[in-house]
Amino acid sequence: SMELLGTDASMLAMEEGQFTFTVTDAQTGAVLATATNDAAGRINFMNRLPFMEAGTFVYYIQETAGDEAEIAYDTTVYRLTVKVTAHQSVFDEALINGNAVTVHKTQYLLDEITIDKKTSSGVWEQISHNEDPANSDSRAIELQLTSDATFTNVKQDSIQIRVVKEWDDVDPSLRPESVTVTLLRNGSQYGNQVTLSAANNWSYT
């Protein structure tokens, strides 16, 4: 699930499809499923993950950062680990040309499902572990993350920033025609660059 908060930690309404999330293969990096939120914050991945062999399979679930400048997107990564084992059973027995023939069926069943959350220190912290998934011949297993597996985006308050270029010189003719100003947030460019010149009185809001 996901939630949208204000800077005062108040819950804010979100639009359906406002945020995007992916499931990727931890080994190859391939995106296997994509989903968006609904208005209530639920995230439903409709793609099925088929298992055609035994083994341990690892996936990452995370949010794709959007382009809304006032939103601080959650960078949390959840790790989904699925353990699959092969189970063989008798499917049918028959007589063919007088010979008894036994047909075996091999099923690849989910034995364990574990969900971990990557902490800010880079350590994986387990939040869910299921050693008895409800395997079925006729339907896929529906996996529901616990309430602890939540993406939280924060909508920043809007503020106005005014920048003014002040010259400390005695000869204005030596000044360039313009200067370019870049606003940085956490060391990265935030918003568009602006140009200051005599035309805008060397200022911008």
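1. Asp116 forms a salt bridge with Arg79, and the closest N and O atoms are 3.0 Å apart. The pair ties together parts that are 37 residues apart in sequence, because Asp116 lies in strand β8 (residues 99–118) and Arg79 in strand β7 (residues 77–96). Keep in mind that this is a predicted model.

2. The burial of this pair deserves a look. Asp116 has 7% relative accessibility and counts as buried. Arg79, at 22%, counts as partly exposed. The cut-off matters here: buried means under 20% relative accessible area.

3. How many salt bridges does a search of the whole structure find? The search finds three. Asp116 with Arg79 is one of them.

4. Another salt bridge joins the side chains of Arg42 and Asp38, at 2.9 Å from N to O. Is Asp38 buried or exposed? Asp38 has a relative accessible area of 16%, so this residue is buried.

5. The side chains of Arg175 and Asp169 also meet in a salt bridge, with 3.0 Å from N to O. Arg175 is partly exposed, at 27% relative accessibility. Asp169 is partly exposed too, at 30%.

6. Now the sheet. Four strands make an open sheet in the order β2-β1-β10-β6. The pairing is mixed. Which strands stand at the edges? They are β2 (11–12) and β6 (71–72). Each has a single partner strand, so one side of each is left without a neighbour in the sheet.

7. Strand β1 covers residues 2–6 and strand β10 covers residues 151–155. The two run parallel, and five bridges join them.

8. Next, a pocket. The second largest pocket has a volume of about 680 Å³. Its lining has 20 residues. Which of these lie nearest the centre of the pocket? They are Ile159, Ile161, Leu183, Tyr190 and Gly191.

9. What is the make-up of the lining of the second largest pocket? Ten of its residues are nonpolar, seven are polar and three are charged. Gly191, one of the residues nearest the centre, belongs with the polar group, because Gly counts as polar in this division.

Note on methods
Residues are numbered from 1 along each chain as its sequence is written. This is a predicted model: local features need pLDDT of at least 70, side-chain atom pairs count only at pLDDT 80 or more; totals for chains, interfaces and linings use all residues. Side-chain values use heavy atoms; hydrogens and water are left out. A salt bridge is a side-chain nitrogen of Lys or Arg within 4 Å of a carboxyl oxygen of Asp or Glu. Buried means under 20% relative accessible area, exposed over 50%, partly exposed in between (1.4 Å probe, protein chains only). Two strands pair if DSSP finds at least two bridges between them. On a 1 Å grid over the protein atoms alone, a cavity is a set of points where a 1.4 Å probe fits but cannot get out, and a pocket is an open set with protein on both sides within 12 Å along at least five of seven lines; lining residues have an atom within 4 Å of a point. Grid points are joined across faces, edges and corners, and a volume is the space filled by probe spheres set on the points.
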